[in-house]
Amino acid sequence: MRTNRVGFPKLSTSSKGLILLPLLLLAFIYLVVYPKEFELQALIGSCGPPPLAATSTVTTNGMAAVGKPDFRLLIGILTSADFYERRHLLRMVYGRQLASSSPPLAAQIDVRFVFCRLSKDDQRVLVPLEILTHGDIIVLDGCAENMDGGKTHAFFTAVASIYADAPYDYVMKADDDIFFRLPELAASLGAMPRQDAYYGATIPCDSRDTRRGWYMSGMGYALSWDLVEWIAAAEDVTRGRTVGTEDRMVGEWLKSGGKAKNRFNAKPAMYDHPLSVPATKCAHELVPDTIAVHRLKDNPRWAQTLRYFNFTADLESSKFYKLDS
């Protein structure tokens, strides 16, 4: 018994043309009016999802200067792995300056926290968490945690290798109890030569003479890139002379090698906090033209210093907080 099949009627060639012609016309119009849509679909179809862009936090990776920066500065803050709170404070202090500087800084300034090998189980979890979050930590493999035990030499040697393909103009070693005003630092350092340069605040504190072999205080000093490379390679000068008062050792290396002919003493704009304990001849009252304040050993000293420079003046009133007592 035959069954009747129900289906679509067979279309003639002319009928097919009448149906396809409007569809082709619509496709042509869409291609002309929205060409970018086809490019986007092609990219999605052929390449898949784009790779994740490398991200950097304004906090410590610096911010892109408008146009090409006049110079590039790496600030290595030598600290200890256990000082989590201090790193948090410094990220806010330097990140705020990098994000809100007006006019924008002429220099590219990158901040890194530097310490030696991790020695505790909790450090081996919490420090990697910081690295994943901020990407601003350098862990030196060739030293134990002791500022005067060769850490500074290990830092400069590591930097010369790590950044060999993209060198900075200057590298600064800084303590974790110093506050730098980055615009003032950039303006001061920008006037220095880019070669054979040694910048900081001279020791002894009551001297401003840079010609008699005095060295720069360990609170914070900068070397031009050629001197960083020289320190990393000058084993004949540094061998057996990496342990000791670190800022004095750097001065002795440079003196022995006949280096650092271009020296700049930033005193009195770099100084110790007036309430430093113990009192030092490097201390004086806070002043408007400050580049750096050292020996901020606790939060009250940090708060006093930041208040003096109106660091939170841009904070607007809000229903979410009431800060006045």
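This briefing covers the fold, cores, helices, backbone features, salt bridges and surface of one protein model.

The model is predicted: local features need pLDDT of at least 70, side-chain atom pairs count only at pLDDT 80 or more, and totals for chains, interfaces and linings use all residues. Residues are numbered from 1 along each chain as its sequence is written, and side-chain values use heavy atoms, with hydrogens and water left out. The protein has eleven helices and twelve strands. Helices (H or I, at least four residues) and strands (E, at least two) are DSSP runs, numbered from the N terminus.

**Overall packing**

- Of the 325 residues in the protein, 41% are buried. Buried means under 20% relative accessible area, exposed over 50%, and partly exposed in between (1.4 Å probe, protein chains only).
- Among contacts (heavy atoms within 4.5 Å) between residues at least 6 apart in sequence, 72% join residues at least 24 apart.
- The protein exposes about 19100 Å², and carbon and sulfur atoms supply 59% of this area. Accessible areas come from the Shrake-Rupley method with a 1.4 Å probe; for residues, only the protein chains shown count as cover.

**Nonpolar cores**

- The largest nonpolar core has 47 residues; Ile 75, Phe 180 and Tyr 199 touch the most other members.
- Another core lies apart from it, with 34 residues, including Cys 116, Phe 155, Val 159 and Ala 260.
- A nonpolar core is a set of buried Ala, Val, Leu, Ile, Met, Phe, Trp, Tyr and Cys residues joined through side-chain atoms within 4.5 Å.

- Helix H6 spans residues 147-162; among its buried residues are Lys 151, His 153, Phe 155, Phe 156 and Val 159.
- Asn 146 caps the N-terminal end of H6, with a side-chain oxygen 3.0 Å from the backbone nitrogen of Asp 148.
- Helix H8 (residues 225-233) buries Trp 225, Leu 227, Val 228, Trp 230 and Ile 231.
- These buried H8 residues pack against H6, strands E4 (170-174), E6 (197-200) and E9 (220-224), and helices H9 (235-238) and H10 (246-256).

- Glu 184 sits in helix H7 (residues 182-189). Glu 184 is partly exposed, at 28% relative accessible area.
- Glu 184 and Ile 291 are 107 residues apart in sequence, yet their C-alpha atoms are 5.4 Å apart. Not counting residues up to four places away in sequence, Glu 184 touches Thr 290 and Ile 291.
- Thr 305 belongs to helix H11 and is buried, at 0% relative accessibility. Leaving aside neighbours within four places in sequence, Thr 305 contacts Phe 179, His 273, Leu 286, Val 293 and Leu 296.

**Backbone features**

- The peptide bond from Ile 203 to Pro 204 is cis, with omega near 5°. Pro 204 lies in the loop between strands E7 (202-203) and E8 (215-216).
- Lys 267 and Pro 268 are also joined by a cis peptide bond, with omega about 5°. Pro 268 lies in the loop between strands E10 (262-265) and E11 (270-272).
- Asn 310, in the segment after H11, is not a glycine but has a positive phi of about 55°. Asn 310 is exposed, at 55% relative accessibility.
- Arg 295 is another residue other than glycine with a positive phi, near 65°.

**Salt bridges**

- The whole structure holds 16 salt bridges. A salt bridge is a side-chain nitrogen of Lys or Arg within 4 Å of a carboxyl oxygen of Asp or Glu.
- Arg 295 and Asp 272 meet in a salt bridge (3.1 Å, N to O). The pair links distant parts of the chain, 23 residues apart: Arg 295 in the loop between E12 and H11, Asp 272 in strand E11. Arg 295 is partly exposed, at 22% relative accessible area, whereas Asp 272 is buried, at 3%.
- Salt bridges that share partners join Arg 87, Arg 91, Glu 130 and Asp 136 into one network.
- Asp 121 bridges to Arg 124, the closest N and O atoms being 3.1 Å apart. Asp 121 is exposed, at 61%, and Arg 124 is partly exposed, at 43%.

**Surface patch**

- Leu 315, Phe 320, Tyr 321 and Leu 323 form a nonpolar surface patch, with about 490 Å² of accessible area together.
- Patches are made of residues with over 30% relative accessible area and no salt bridge; like charges are joined within 9 Å, and nonpolar side chains (Val, Leu, Ile, Met, Phe, Trp, Tyr) within 5 Å.
- Phe 320 lies in the segment after helix H11 (299-308) and is exposed, at 70% relative accessible area.

Conventions. A polar contact is a pair of N or O atoms within 3.5 Å; within protein, one must be able to donate a hydrogen and the other to accept it, and residues adjacent in sequence count only if both atoms are side-chain atoms.
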